[in-house]
Amino acid sequence: AMSSLLQVFSNTSVLPEDALPRESASAASFLIMGWFTDLICKGWKSPLVMEDIPDLQQEVKARKNAEIIISQLDKDRMEGKRFVLWKTLLKNFTFQYWVGILLLYIRSVIVFCNPALVRMIIQFVNSEDEPQWRGYLYAVILFLSNFV
């Protein structure tokens with residue numbers, strides 16, 4: 001419990017002065033996009049200019065990704081192989097693909113569970129012998145599943 005509470009606060013004392021907001025965010029802030037709130041509020045008050053927008057992380061910049069693809073292209077040319085973009089993307093970004101697939105799968109399961117939850121709530125309302133906490137549980141699960 002204590003470690004979960006400590007994850008809410010960011011330890012900025014060990015970070016460089018020019019650390020990006022996303023990199024200096026705590027775990028909780030990262031999950032709920034809290035690190036982005038200051039920029040949203042600033043944009044709400046006045047139009048944003050390029051100086052207001054923080055720089056991107058190095059690994060998500062187009063230049064870095066282009067360098068990865070070009071180096072693979074050069075390597076394939078030197079070995080006499082045919083360059084296949086799909087294989088290059090899969091080889092270099094496998095982890096990101098798997099994370100995306102996992103998140104898509106979780107979202108799909110939750111979306112298709114909603115009708116089952118509604119059916120369970122209807123059955124709960126129609127029966128008189130089920131404990132009351134079960135109805136609250138069904139309602140909370142249905143409520144939370146719509147936020148994922």
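The protein exposes about 12400 Å², of which carbon and sulfur atoms supply 66%; accessible areas here come from the Shrake-Rupley method with a 1.4 Å probe, and for residues only the protein chains shown count as cover. This is a predicted model, in which local features need pLDDT of at least 70 and side-chain atom pairs count only at pLDDT 80 or more, while totals for chains, interfaces and linings use all residues. Residues are numbered from 1 along each chain as its sequence is written, and side-chain values use heavy atoms, with hydrogens and water left out.

The protein has seven helices and zero strands, where helices (H or I, at least four residues) and strands (E, at least two) are DSSP runs numbered from the N terminus. Of its 148 residues, 11% are buried, meaning under 20% relative accessible area, with exposed over 50% and partly exposed in between (1.4 Å probe, protein chains only).

| Residue | Location | Relative accessible area |
|---|---|---|
| Ile106 | helix α6 (residues 94-126) | 36% |
| Glu79 | loop between α4 (62-78) and α5 (85-92) | 45% |

The side chain of Glu79 is joined to that of Lys81 by a polar contact of 3.3 Å, a term for a pair of N or O atoms within 3.5 Å; within protein, one must be able to donate a hydrogen and the other to accept it, and residues adjacent in sequence count only if both atoms are side-chain atoms.
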